Amino acid sequence: MGRRVLILGGDGYLGWPTAMAFSRAGERVTVVDNFAKRQWEAELGVRPLFPIPTLHERIRAWREVSENEIELRVGDLTDYDFVESIIDDIRPDTIVHFGEQPSAPYSMIDVRHATYTQANNVVGNLNVLFAIRDRSPDSHLVKLGTMGEYGTPDVDIEEGYLTVQQDGRSHTFLYPKTPGSMYHLSKVHDSHNIHFATRIWGLRATDLNQGVVYGVETDESSLDPRLATSFHYDEVFGTALNRFCVQSVVGHPLTVYGKGGQTRGYLNIRDTMACVRLAADHPADPGELRVYNQFTEQFTVLELAERVQAAGAVMGLRVEIAHTRNPRKELETHYYNAKHTKLLELGLTPRLLSDELIDTMLARIQEHAARIDSATLIQDVRWVPSPQARATERTPA
Ligand code: NAD
Ligand code: USQ
């Protein structure tokens, strides 16, 4: 019998392919979701590129295709009784926690979206920590954090911790964080809460500070169209490279915000699966918080756009790059050197961004070009609204 693995946020872009990958590897997988993402999509009038069946249908399709079972529990992680009951029932060996509001722009729409994001993410994660403490203290929590927690400091980014020397003494702290959105802040709060739970209660946890993920499919999602993952390209839920590929296919200029020197860590969605697997296979000890910087390469946004432009040209697409006004408040040229050796030491073999991969993404996207809604490519969520917009925000409904 395989391990008992609980996957929180199992209907999402990363949660669903991770559930299939663990199930295929012989683990006993249970997925949890409250379908909040499907409600946010309806709220903003956006939809994933591929048609996504209900999670119930996806699980039935997975059984048909792979002859493996995935168990489903529908519920909200902010409901403590629900979280406690599943963790008590399953007593998982590993809990992989993807179940949060993942979009920086969504969290910056207005006060309601900021408080929703922080409450959903922080309360859900706290519920998981308390339920592990009280019902299954040996479970290993593998939590998806983000590289954006660190921000863009003018010194190297260490892998989780920083040792500070002061007046002849030294102490190791969680690396100081200067995140750039209310969403990224929610992940910082989560990291501190997890650190507390390991230090004070002796829980075991791994925080995966993941970079920006790109890619349309994984080994499992490509087995059957019903197993596709929820790939977004709109301004709010789409991430940079995924958006640029879709923009190329519909002939929309690539939306490089400002100068385009913003540097971030990126990784292939298949490497997300590999990294989560490595984290699960190497559980932290009781009382230990492991932190891995989970990305494989650094790029500026402009470099990514130029890579997509070049790949598009080979396929006969005329791709323009537009330096649009940056709706975010962020440095557009800055120092960035983030360490990321721990997952490599555990055996990660990165699948680096290649022209072939961009070609494959463009070709897959072209197959579904008729479903692309270009109107959602720009939604103009601004980090600092104009005074006029601020006045409108204050007007009572
Ligand atoms: P996603 O929105 O596609 O998936 C998240 C899932 O969690 C959704 O299905 C949603 O319905 C569910 N969920 C949210 N709140 C919930 C709650 N209270 N109760 C139950 N279910 C809930 O997001 P994703 O892109 O798959 O990201 C997964 C995780 O990885 C997130 O924590 C995100 O912050 C992190 N991450 C993502 C990326 C990326 O580029 N996609 C990069 C770094 C980190
Ligand atoms: N950007 C553009 N043009 C676009 C979209 C983005 O120039 O059309 C720029 C952004 O300004 C930013 C960079 O590209 O500088 C990355 O933006 P993104 O939207 O791809 O990623 P981000 O908002 O940081 O969030 C995504 C995921 C989030 C995850 C994060 C990892 O949505 O869940 O936490 O990547 S990281 O960036 O390392 O924090």
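This is a predicted model: local features need pLDDT of at least 70, side-chain atom pairs count only at pLDDT 80 or more; totals for chains, interfaces and linings use all residues.
A polar contact is a pair of N or O atoms within 3.5 Å; within protein, one must be able to donate a hydrogen and the other to accept it, and residues adjacent in sequence count only if both atoms are side-chain atoms.

View 1. A nitrogen atom of ligand 2 lies 2.6 Å from a polar backbone atom of threonine 255. One oxygen–protein distance is 2.5 Å, to an N or O atom in the side chain of threonine 146.

**View 2. The shell around ligand 2.** Here 23 residues surround the ligand, each with a heavy atom within 4 Å of it. Tyr183 and Glu330 are among the closest. By class, the shell has 10 nonpolar, 9 polar (Gly counts here) and 4 charged residues (Asp, Glu, Lys or Arg).

**View 3. Helix α1, residues 15-24.** Helices here are DSSP runs of H or I with at least four residues, and strands are E runs of at least two. In α1, 9 of 10 residues are buried, meaning under 20% relative accessible area (1.4 Å probe, protein chains only). Among them are Trp16, Met20 and Phe22. Their packing partners include β1 (4-8), α3 (55-66) and α9 (269-281), with contact set at heavy atoms within 4.5 Å. Glycine 26 follows the helix, with a positive phi near 95°.

**Notes.** Residues are numbered from 1 along each chain as its sequence is written, and chains are lettered from A and ligands numbered from 1 in the order in which they are written. Local features need pLDDT of at least 70, side-chain atom pairs count only at pLDDT 80 or more, totals for chains, interfaces and linings use all residues, and side-chain values use heavy atoms, with hydrogens and water left out.

How values were computed: Buried means under 20% relative accessible area, exposed over 50%, partly exposed in between (1.4 Å probe, protein chains only).
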